[in-house]
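Here is a short briefing to read with the model open beside you. Take a look at the fold before going on.

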Amino acid sequence: MKLVIYGTDTCKDCVDAKALLDAKGIRYLFLEFSDSIGNLKRFLKIRDTNPMFDAVKEKGGIGVPLFVLEDGTMTFDVNEVISKIENA
């Protein structure tokens, strides 16, 4: 199952999630946006149009790591991602 992660290596949650996925042998494409304006624009387009970010933005958060599964499902929960991939 294809997995894309939007995030930044300056975010502890992103670094921890990648380490957990690596330990489980789960492959992913990490779209680092702190050094890529293209990746940042792609992330902001999702963030600015998807209601799942409303609560995050109200709390002053960014909403990363953002996990996007092959079927288009999006979540902030690495354990949900692991469960879906391991049970696919």
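Predicted model: local features only at pLDDT ≥ 70, side-chain atom pairs only at ≥ 80, totals over all residues.

Residues are numbered from 1 along each chain as its sequence is written, and side-chain values use heavy atoms, with hydrogens and water left out.

**The nonpolar core**

- The largest nonpolar core holds 24 residues; such a core is a set of buried Ala, Val, Leu, Ile, Met, Phe, Trp, Tyr and Cys residues joined through side-chain atoms within 4.5 Å.
- Leu3, Tyr6, Leu21, Phe43, Leu66 and Phe67 have the most contacts inside this core.
- Two or more core residues come from each of strand E1 (3–7), helix H1 (12–24), strand E2 (29–32), helix H2 (37–49), strand E3 (66–69) and helix H4 (78–86). Helices (H or I, at least four residues) and strands (E, at least two) are DSSP runs, numbered from the N terminus.
- Beyond its neighbours within four places in sequence, Tyr6 is in contact (heavy atoms within 4.5 Å) with residues including Leu31, Phe43, Ile46 and Leu66.

- Leu66 sits in strand E3 and is buried at 0% relative accessibility; buried means under 20% relative accessible area, exposed over 50% and partly exposed in between (1.4 Å probe, protein chains only).
- Leaving aside neighbours within four places in sequence, Leu66 has contacts that include Val4, Tyr6, Phe43, Met52 and Phe76.
- The C-alpha atoms of Leu66 and Phe76 are 5.1 Å apart, at a sequence separation of 10 residues.
- The Val64 to Pro65 peptide bond is cis, with omega near 0°, and Pro65 belongs to the loop between helix H3 (54–58) and E3.

**Helices H1 and H4**

- H1 and H4 pack at about 20° with axes 10 Å apart; the axes are lines fitted to C-alpha atoms, for helices over the stretch in contact, and angles run from 0 to 180 degrees between N-to-C directions.
- The two helices are therefore roughly parallel, a label for angles under 35 degrees, with over 145 roughly antiparallel, 65 to 115 roughly perpendicular and the rest oblique.
- From H1, Ala17, Leu20, Leu21 and Lys24 meet Val78, Asn79, Ile82 and Glu86 of H4.
- Leu20, in H1, is partly exposed at 32% relative accessible area.
- Leu20 and Ile82 have C-alpha atoms separated by 9.1 Å, although 62 residues apart along the chain.
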